[in-house]
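Colleague: I would like to learn how to read a model like this one, feature by feature. Please give me the general idea each time, and then the case at hand.

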Amino acid sequence: SIVRSRSLAATASSGETLLIIVPIFDLCNHRTLAPAPAAARGLASSNAGASDVVLITSDDVVVLCARTALDSGDEVHIDYSGSDDGSARLLLDYGFAEELRTAEHLSDVLHVADHVGEHLLSLGSPHLDAMALRTLRAQMTIHASRADGTQADEPSEGLLGKQLHHICSSMLARLPTSELDDRRELLRLQVATELDERSFRRVIALRFRIRQKAALRRTMQSLAQLGKGTHTVLGALEAARHVQ
């Protein structure tokens with residue numbers, strides 16, 4: 001979609017990650033980016049991480065940060081896939097893939113949102129999980145606050161888990177194919193005696209989609225057990241990553 005292919009993940013001065021569409025920025029071509037040296041992140045706030053390329057300052061100015069020194073006339077690139085997603089997401093969202101790197105793996109990062117175009121929560125590591133839950137807690141607290149400006153209490157672990165379960169369930173329901181559909185198509189392609197380039201790239205995309213859907217399913221199952229064996233949402237997310 002236009003939102004998926006043209007939007008950029010930007011880090012606000014508060015530390016929150018926002019999905020934005022910015023004129024001119026989306027004209028940049030793709031290039032896989034190397035990790036940013038500390039000197040290249042001079043504009044980043046104290047909350048911004050090493051992977052931050054697009055930042056929103058406290059006065060709402062959007063800044064595209066170069067990860068390396070640029071000379072006059074150099075082309076400005078951005079990484080369409082994100083540092084962890086690789087060729088599978090490039091193929092899924094943009095229709096092309098890079099030559100596979102030896103160590104490349106399908107992404108374990110799970111991006112979820114309640115509605116299309118809504119702010120994405122990224123799950124997949126203790127750090128990402130903690131940031132996502134902090135954002136979700138803040139959103140739920142704001143929505144629960146009264147019209148007179150009185151701030152509501154932070155949601156309990158139970159309510160937080162139910163909301164995240166609802167978000168994962170809504171996202172899974174919106175996907176045009178099921179995990180079973182993707183597995184059937186993948187099996188059909190894999191039994192072919194010879195794959196052309198287009199079919200090979202389709203296999204990469206299908207493996208990515210299956211992995212993401214399986215991660216959604218495991219996350220929902222683990223969150224449904226909250227309070228029975230695991231008592232924190234962070235613990236439930238960690239448990240989901242260890243389920244085969």
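Modeller: We begin with what counts as a helix: a DSSP run of H or I with at least four residues, numbered from the N terminus. Keep in mind that this is a predicted model. The protein chain has seven helices and eight strands.

Colleague: How far apart along helix 5 are Glu-179 and Arg-183?

Modeller: The general idea is that an α-helix has 3.6 residues a turn, so residues three or four places apart point the same way. Glu-179 and Arg-183 are four residues apart in helix 5 (residues 179-190), so about one helical turn separates them. They form a salt bridge, with the closest N and O atoms 2.9 Å apart.

Colleague: Is Glu-179 buried or exposed? And what about Arg-183?

Modeller: Here a cut-off is needed: buried means under 20% relative accessible area, and exposed means over 50%. Glu-179 has a relative accessible area of 16%, so the residue is buried. Arg-183, at 42%, is partly exposed.

Colleague: Which side chain meets Arg-241 in a salt bridge?

Modeller: In general, side chains of opposite charge can pair when their charged atoms come close. For Arg-241 the partner is Glu-238, at 2.4 Å from N to O. These two are three residues apart in helix 7 (residues 233-241), and therefore about one helical turn separates them. Shared partners extend the pairing: Asp-129, Glu-238 and Arg-241 are joined by salt bridges into one network. Arg-241 is partly exposed, with a relative accessible area of 30%, and Glu-238 is also partly exposed at 30%.

Colleague: How many salt bridges does the structure hold?

Modeller: There are nine salt bridges in the structure. One of them joins Arg-137 and Glu-157, whose closest N and O atoms are 2.8 Å apart. Glu-157 is partly exposed, at 26% relative accessibility.

Colleague: Arg-137 has a backbone too. Which side chain has a polar atom 2.8 Å from the backbone oxygen of Arg-137?

Modeller: The side chain of Thr-141. Thr-141 lies in helix 3 (residues 126-144) and is buried, because its relative accessible area is 5%.

Colleague: Which residues does Thr-141 touch, not counting residues up to four places away in sequence?

Modeller: With those set aside, Thr-141 touches Gln-151, Ala-152, Asp-153, Glu-154 and Pro-155. Take Asp-153, which sits in the loop between helix 3 and helix 4. Its C-alpha is 6.5 Å from that of Thr-141, although the two are twelve residues apart in sequence. Asp-153 is exposed, with a relative accessible area of 70%, whereas Thr-141 is buried.

Colleague: What should the 18 residues of helix 4 span?

Modeller: The expected span is 1.5 Å times one less than the number of residues. For helix 4 that gives 26 Å, and the end C-alpha atoms are 26 Å apart, which agrees. Helix 3, with 19 residues, reaches 27 Å from its first C-alpha to its last, close to the 27 Å expected.

Colleague: What do the buried residues of helix 3 pack against?

Modeller: They pack against strand 8 (121-123), helix 4 and helix 7. The buried residues of helix 3 include Leu-133, Leu-136 and Met-140. In helix 4, Leu-160, Leu-164 and Ile-167 are among the buried residues. Their cover includes strand 7 (110-112), strand 8, helix 3, helix 6 (197-224) and helix 7.

Colleague: How many residues has the largest nonpolar core?

Modeller: It has 21 residues, and those with the most contacts inside it include Val-112, Leu-136, Leu-164 and Val-233. Strand 7, strand 8, helix 3, helix 4, helix 6 and helix 7 each supply at least two residues of this core. Helix 4 gives the most, with five residues. Leu-164 touches residues including Leu-121, Leu-123, Leu-223 and Leu-237. There is also a second, separate core of ten residues, among them Leu-8, Ile-20, Cys-28 and Ile-78.

Colleague: What share of the 244 residues in the protein chain is buried?

Modeller: Buried residues make up 35%. Of the contacts between residues at least 6 apart in sequence, 58% join residues at least 24 apart.

Key:
Residues numbered from 1 in each chain as written. Predicted model: local features only at pLDDT ≥ 70, side-chain atom pairs only at ≥ 80, totals over all residues. Heavy atoms only, no water. Buried < 20%, exposed > 50% of the residue type's maximum accessible area, 1.4 Å probe, protein only. Polar contact = N/O pair within 3.5 Å; in protein donor to acceptor, adjacent residues only side chain to side chain. Contact = heavy atoms within 4.5 Å. Salt bridge = Lys/Arg side-chain N within 4 Å of Asp/Glu carboxyl O. Core = buried A, V, L, I, M, F, W, Y, C linked by side-chain atoms within 4.5 Å.
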